[in-house]
Amino acid sequence: MLIDCVLMCGGFGSRLKPFTYLIPKPFLTSNNISPFDYTLKNISNYNNITKIFVTTYYKSKLVKKIIQKKINKISNLTIINEEKPLGTAGSLKTIIKKSNAKYLLVINGDIFSKVNYKKLIEEHIKSKKDLTVCIKDYDIKIPYAVLIKNKKKDISFKEKPVIKKKINVGIYVLNTNFLKDFFKKNKDDFVGMDKVLKNTKKINVYEIGNKWIDIGHINDFKKAFNEIKNW
């Protein structure tokens, strides 16, 4: 069973400026470790991964210098540089040409997550779907009273409600044959993962639990500092 991993590290990090003016999000450190290194550490526990591809665009020269030091220790690490922004899935067109794997594990580079990747991939294979999307519970806290109107048009207010949702956490397992068929039909260079998801009904979902933080905002970056040390 051949599995390759893709770490998406090409984004601009716009939501976390000014920090990302100097260093892209995947390489900012919290508790002396970056999301990139944290993910590398976790996937290294899963022996079936044959190649690790890292996509770059924003500050690609700096990112290459950072990663080059790791290539000396991790022989199966390959940099895929985007000459122009390709979206959250566009680089997969290049990667599937360089991969002999049956499955791709795709992970956003700017997240801290403690996932059992072995179990995730086993569940994907068992599902016989084109792709698996990882999800988790997420509470949206509204800091205001919210108007509620029932069928009788009675009006009331609920003070600072919490709305519970399932969110996409930016971790996927995809069949490479499915991706090859997808890119034969879709010739655009810029491709979002949302477009890939819309092109199949054979989607599996996998709940990862609560050990996940996207450091897209400063509050989440601070949250990571306090939480990941206890994982």
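I started with Thr39, and its place is in helix 1. A reminder to myself before going on: this is a predicted model. Is Thr39 buried or exposed? I have it as buried, because its relative accessibility is 2% and the cut-off for buried is under 20%. Leaving out residues up to four places away in sequence, I found Thr39 touching Leu7, Ile107, Ile111 and Tyr117.

**Helix 1 as a whole**

Next I looked up the rest of the helix. I noted that 7 of the 9 residues of helix 1 are buried, so the helix is largely enclosed by the rest of the structure. I wrote down the buried ones: Pro35, Phe36, Tyr38, Thr39, Leu40, Asn42 and Ile43.

I then picked Ile43, also found in helix 1. Ile43 is buried, at a relative accessible area of 2%. Which residues does Ile43 contact, once neighbours within four places in sequence are set aside? My list reads Cys5, Ile49, Ile52, Leu105, Ile107 and Tyr117. For a sense of distance, I checked Ile43 against Pro18: the two are 25 residues apart in sequence, and their C-alpha atoms are 30 Å apart in space.

**The nonpolar cores**

Ile43 turned up again here. The largest nonpolar core has 30 residues, and those touching the most other members are Leu7, Ile43, Leu105, Ile107, Leu120 and Ile171. Which elements each supply at least two residues of this core? I listed strand 1, helix 1, strand 2 (49-56), helix 2 (60-71), strand 4 (103-108), helix 4 (117-127) and strand 9 (162-175).

Neighbours within four places in sequence aside, Leu120 is in contact with Leu105, Val115, Thr132, Cys134, Ile171, Val173 and Tyr206. I also found a second, separate core of 23 residues, with Met8, Leu92, Leu174 and Met193 among them.

**Strands 6 and 10**

Strand 10 pairs with strand 6 in the parallel sense, over 5 bridges. Within this pairing, I noted Glu207 as the bridge partner of Ile135.

**The hairpin**

Strand 7 (residues 146-149) and strand 8 (residues 155-158) pair in the antiparallel sense, over 4 bridges. Leu147 has its bridge partner, Phe157, in strand 8. The two strands form a hairpin with 5 residues between them, and in the turn I spotted Lys153 with a positive phi of about 65°.

**The largest pocket**

I have the volume of the largest pocket as about 1,000 Å³. Which of its 42 lining residues lie nearest its centre? They are Arg15, Lys25, Asn108, Asp110 and Asp214. By type, I count the lining as 16 nonpolar, 15 polar and 11 charged residues. Strand 6 (131-141), strand 9, strand 11 (212-214) and helix 7 (218-227) each supply at least two residues of the lining.

**Last entry: Thr20**

The place of Thr20 is in the loop between strand 1 (3-8) and helix 1 (35-43). Thr20 is a loop residue, yet it is buried, with a relative accessible area of 0%. Beyond four places in sequence, Thr20 touches Phe12, Gly13, Lys25, Leu28, Tyr58 and Lys59.

How values were computed:
Residues numbered from 1 in each chain as written. Predicted model: local features only at pLDDT ≥ 70, side-chain atom pairs only at ≥ 80, totals over all residues. Heavy atoms only, no water. Buried < 20%, exposed > 50% of the residue type's maximum accessible area, 1.4 Å probe, protein only. Contact = heavy atoms within 4.5 Å. Pairing = 2+ DSSP bridges. Core = buried A, V, L, I, M, F, W, Y, C linked by side-chain atoms within 4.5 Å. 1 Å grid on protein atoms, 1.4 Å probe; cavity = no way out; pocket = protein on both sides within 12 Å on 5 of 7 lines; lining within 4 Å. Points joined across faces, edges and corners; volume = space filled by probe spheres on them. Nonpolar A, V, L, I, M, F, W, Y, C, P; charged D, E, K, R; others polar.
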